[in-house]
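Come along and check each entry against the picture.

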Amino acid sequence: MSHAWYLLRLFISDFNKQRKKIGLTVMAIAWGTVSIILLLSFGEGLKRQLVAGTAGMGKGIVVVWGGQTKKAFKGLPPGRRIRLKPEDIELVKHRIPSLEDAGGEYQRWGVAISHGKKVISRHLTGVTPSYEELRHHYPQQGGRFINQTDLDLKRRVAFIGSAIAKELFGEEEAVGKIMMINNIPFTVIGVMIEKNQMGMYSGPDEEKVVIPLTTFGMMLGDTILDVFIYKPAKMEDSERVKREILRVLGGKYKFDPEDEAALWMWDTIETTKEMRAITLGVQIFLGVIGGLTLLVAGVGVANIMYVTVRRRTKEIGIKMAMGAKARYILVEFIIEALLIGVLGGFFGFLLAGVMVRGIGILIDSISQMVSEDVAEAIAFLGKPVISVDIAVITALILLTIGFWAGFFPSRKAAKINPAESLRYE
Amino acid sequence: MSIISMSNLYKTYNTGKVKVEALKSIDIEIEQNQFVAIVGPSGSGKSTLMNIIGCLDTPTSGNYLLDGEKVGRFKPNRLAEIRNWKIGFVFQNFNLLPYATAYENIELPMIFNGLSYKKRKKRVMELLERVGLADRAAHKPTELSGGEMQRIAIARALANNPSILLADEPTGNLDSVAGGSIIEIFRELHRDGATIVIITHDRAIADNVPSTIKLKDGVIVDSLN
């Protein structure tokens, strides 16, 4: 008889003798596993939702506003305003090779937008073509974003947010239509995809009307960028790239690169990192709660193993008389406890998988039934997601608890005095 | 050289306030191929003596040499090895593992000895043949008669070619016919060179065994060679 087969038979014969108790414990383990996985996968869903939400504004970008110097520099007094210009975009791209891209925009609030008889007042921006990638201004199918030619020819073309499209055109197709901006006709060339945007400045992108930077400048006379954006090629380079940006722009506008007030910088990479840390904290917290549930089940396993050890006292004595070392007895009982854990874990994983999928489907169908506000709130919570990490962590917790639940009873078994246990009936 | 050599051996159980001296000043010499019966009324210390001979327990003081090794002070793991290699146990109530087949029960000591599957199989078949139960290999203990169970237990005791065969009331749970056939197997094994120590209070068996050691109140009162 091979060892594995022998141990499995032991377990089965044991199982038959305390079927109800082991059955309940397996269920407890399964439930503990389900709660860990569910809690962790809700955490994972929330994390992905948050990451996706922060990425709605763009991924790994730094948003820069012009500021006012606080330090004197090269004979110049503090308190000078620093204003960035469109040509600075080309300047930094040229001078800093570790930059993936850069862009900028002009802004104006309360611009009259109309189509037919519908007139609304909205935020207008003039941007560079790099905004498509930098700021995730992706067009819906059938449309396009502003390109270099639009910029070069100062075309009167507009790219509009999805909310604007709905307001002005309703269910109609917006692309190709003419709309009026400040009573000047513009052709709609694209509608932005609906995105889940949490990070934002000057309002959500879905409420904005976007036209070429040059067209904006010609129409409204702006020459100073309201916002300047750049993106390092590698996220881990962000600190170094930031210093280079300050050095290049500081060189041009004559401010101290150490002057924190000269430029206002919003580093979304930092925000993303903080967000990751927060969601990791949430996940650890949820995991600990799930782990406690599993710990209770582990106590059940230990209890069963203590009963098993007592019931098999005589058998342990026989084996010891035949020359079994303490080690052998120890391993045997630990493996048995682990088997209970693995069995419960297996059912737990199965159940959790079904539940996560079911909850996903449920969330989808509920979102279609309820009003838009509620649907948005549900969408914010995210759907539970089982990742490989979650599976591995749960399996490790299971094995650890199974091992320790088996270890203490097994140690008791291994310490049994063979002479006494043979007398045991 | 003696297989078992005990001199001035004591075993004291310390149960709280009361000290019970189960064995007092025991001197025993058992030679290779001796067939010895240990007899005595219950409470005389027979079981304690058997536990110490079988390395299931250790003496409180005195010397115990098994095959020339001073086993009295060995640690539990070392004692397990000694039991595995040198002692073959036969119990009154057989002590077979109920969920394992006859084959697997005989195989057990060889698994603890780390023998390969092939070697184990060869040896188990040999032993089943020897006790006349080759056709019962796949039977569980519950499917065997008392006499058959005890023969399987003897086969198991012989698995690792032990130095001594230690039997504790081997016929106690058997009718006279089955008991007689078990004693016959012991005789055959003795004829083939085995060293056997049998504990019994059955006069009929004790009278037919060449040597007897009589115990009373933890002391040897009579030793017949």
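The entries below go from the ground rules to the chain contact, then to a sheet and some helices.

**Ground rules.** I noted that this is a predicted model, where local features need pLDDT of at least 70, side-chain atom pairs count only at pLDDT 80 or more, and totals for chains, interfaces and linings use all residues. Residues are numbered from 1 along each chain as its sequence is written, while chains are lettered from A and ligands numbered from 1 in the order in which they are written.

**Where the chains touch.** I looked up the contact and found 15 residues of chain A against 19 residues of chain B; a contact means that two C-beta atoms, placed from the backbone, lie within 7 Å. On the side of chain A, two or more residues each come from helix 1 (3-17), helix 10 (313-321), helix 11 (326-369) and helix 14 (418-423) of chain A. Helices (H or I, at least four residues) and strands (E, at least two) are DSSP runs, numbered from the N terminus. Helix 10 of chain A gives the largest share, four residues. By class I wrote down ten nonpolar, two polar and three charged residues for this side of chain A. Here Ala, Val, Leu, Ile, Met, Phe, Trp, Tyr, Cys and Pro count as nonpolar, Asp, Glu, Lys and Arg as charged, and the others, Gly among them, as polar.

**Chain B overall.** I listed seven helices and ten strands in chain B. Of its 225 residues, 48% are buried, that is, with 20 or more other C-beta atoms, placed from the backbone, within 10 Å of their own.

**A sheet in chain B.** In what order do the four strands of the open sheet stand? I read 2-1-4-5 (chain B), with antiparallel pairing; strands pair if DSSP finds at least two bridges between them. Strand 2 and strand 5 (69-70) of chain B are at the edges with a single partner strand each, so one side of each has no neighbour in the sheet.

Strand 1 (residues 2-15) and strand 2 (residues 18-31) of chain B share ten bridges, and Ser5(B) stands opposite Glu29(B) in strand 2. Two residues lie between these strands in their hairpin, where Gly16(B) takes a positive phi near 70 degrees. Strand 1 of chain B also pairs with strand 4 (residues 61-66) of chain B over five bridges, and there Tyr10(B) is opposite Ser61(B).

I then found helix 1 (residues 46-53) of chain B lying across strand 1, strand 2 and strand 4 of chain B, at about 60 degrees to strand 2. Axes are lines fitted to C-alpha atoms, for helices over the stretch in contact, and angles run from 0 to 180 degrees between N-to-C directions.

Helix 9 (residues 268-311) and helix 11 of chain A have axes that come within 10 Å and cross at roughly 140 degrees. That makes helix 9 of chain A oblique to helix 11 of chain A; angles under 35 degrees count as roughly parallel, over 145 as roughly antiparallel, 65 to 115 as roughly perpendicular and the rest as oblique. Among the residues of helix 9 that meet helix 11 of chain A are Val301(A) and Met305(A).

Technical notes:
Buried ≥ 20, exposed ≤ 12 C-beta atoms within 10 Å, placed from the backbone.
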